[in-house]
Structure formats: C-alpha cells, structure tokens
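Welcome! Take a moment to look over the chain below, and then we will walk through it together.

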Amino acid sequence: MPQHGAIFEVYGRRRARSDGRAFGNTEVKDMKPQIPQPLTTEHQKLHRRLDAALDAGGEIADATRRLIDVMHPHFVREEEIAMPPLGLLGSLSRGEYDPEMDRVLEMTDALGAELPVMLKEHEAIREAAASLSRAAESAGRNDIVDFCADLGVHAATEEEVLYPAALLVGDIVRRRRENDAD
Ligand SMILES: [Fe+2]
Ligand SMILES: [Fe+2]
C-alpha cells in the first residue's frame, strides 16, 4: 500500500471509471475525455519514487513529505482539468468532431482561468524538490537526486507542451462546434 494512499485512491477511481475504449472509434458512444494512459503511468511512476524517498527516513523523508503536501492537490487538479482534454488529441488531429466532445470545454476553460495558479504551484514543487535534492545529495542518494531532476522536467513538459495542447483542444472543439452548428 503506498504511503501516500490518498493520491492513489484518486488514480484508482479514475481507473475504475475508464473502460479502455478509445476515442476515434466511431462506435464509441461515450466520448468522455479520458487521460491518455502514458500520462497516468508517468504520474504513477513519480508517486512510486516518492514512496522510495519516504522509505529513506530522516531528513529525506521530512523533505519528501513537504514535497507531497504541495504536489498532491496540484496533481489532483491536473488530472481533473489539464489531462483529460489530451485524450481528444488523436480524434481532433484526424479532423473528427462529436458534440460529446463539448464537455471538455468546461475543463479547458477552467484550465485557462487557473493556469497562473498551476504555474505558481509548479514553482512551489520546484522549491520543495530542490530542498529534497539537497538532503538526498548529502546522504549520497543519487537516485533521489535524479528523481528531483526528473520532476523538474515533468513540470517543464507540462508548461511547454501539455497545458498549451490542452488549451488548444478547447479552442479546436469550440471552433468545430460552431462549424457544426452552421
Ligand atoms: Fe503532473
Ligand atoms: Fe504539474
């Protein structure tokens, strides 16, 4: 059982709701935006590495707990509004549109409004990761130092690729909805 089980509970609920059906399949009736599996896997891997850092005990565990405190609410919100729209990228890139996709607009509008907060949370995560990295370095735990660096890359990927892509999904769905209504 992960030591920060609340986060995994969220993943568990999401997995339970996912029935594995893919967007782009015209027989699919439920066009609910779903988080692409590789993104879920990446978050899960980060959480496993947090668990390993907690197991180190002492100062490393203290710094890890501070990192979890700032990461947890951020990851939950990210999974609510930033990642599900990315599940539509494949369909949209093939020129597809279905009115069921409109439900993504609530998420992408929220992401647009909350983006400054989410970027600030990344700063807090980077600061907490930097202090964990220092504690890990003094203890010779290079694996945890590497984890902190990977977390920085994860945040940068979201800032430069994933969040903008999610916002573009909203723009494209809105435009196709308007064209559909004509
Ligand atoms: Fe993330
Ligand atoms: Fe993030």
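Two residues count as in contact if their C-beta atoms, placed from the backbone, lie within 7 Å. This is a predicted model, in which local features need pLDDT of at least 70 and side-chain atom pairs count only at pLDDT 80 or more, while totals for chains, interfaces and linings use all residues. Residues are numbered from 1 along each chain as its sequence is written, and chains are lettered from A and ligands numbered from 1 in the order in which they are written.

The chain has a mean pLDDT of 87, with 83% of its residues at 70 or more. Confidence is lowest in helix α1 (residues 5–17), with a mean of 38, and highest in helix α5 (residues 104–138), at 98.

## The overall plan

You will find 6 helices and 0 strands here. Both are DSSP runs numbered from the N terminus: helices are H or I with at least four residues, and strands are E with at least two. Of the contacts with a separation of 6 or more, 81% join residues 24 or more positions apart.

Helix α5 bends by about 60° at E114, and a proline, P116, follows within four residues. The bend is the angle between axes fitted to the seven residues ending at a position and the seven starting there. Just after α5, G140 takes a positive phi of about 70°.

Helix α6 (residues 142–181) has a kink of about 45°, centred on E158. How far apart are the end C-alpha atoms of α6? They are 56 Å apart, which agrees with the 58 Å that its 40 residues should span at 1.5 Å a residue; the expected span is 1.5 Å times one less than the number of residues.

## What lies inside

A residue is buried if 20 or more other C-beta atoms lie within 10 Å of its own, with C-beta atoms placed from the backbone. Buried residues make up 26% of the 182 in the chain. Those of α6 pack against α2 (37–55), α3 (58–82), α4 (89–93) and α5.

A nonpolar core is a set of buried Ala, Val, Leu, Ile, Met, Phe, Trp, Tyr and Cys residues joined through C-beta atoms within 7 Å. The largest has 18 residues, and A129 is among those with the most contacts inside it. Helices α2, α3, α5 and α6 each give two or more residues to this core. A second, separate core of 13 residues includes M83, L88, V104 and V169.

Technical notes
pLDDT is the predictor's confidence in each residue, from 0 to 100. A residue is buried if 20 or more other C-beta atoms lie within 10 Å of its own, exposed if 12 or fewer, and partly exposed in between; C-beta atoms are placed from the backbone.
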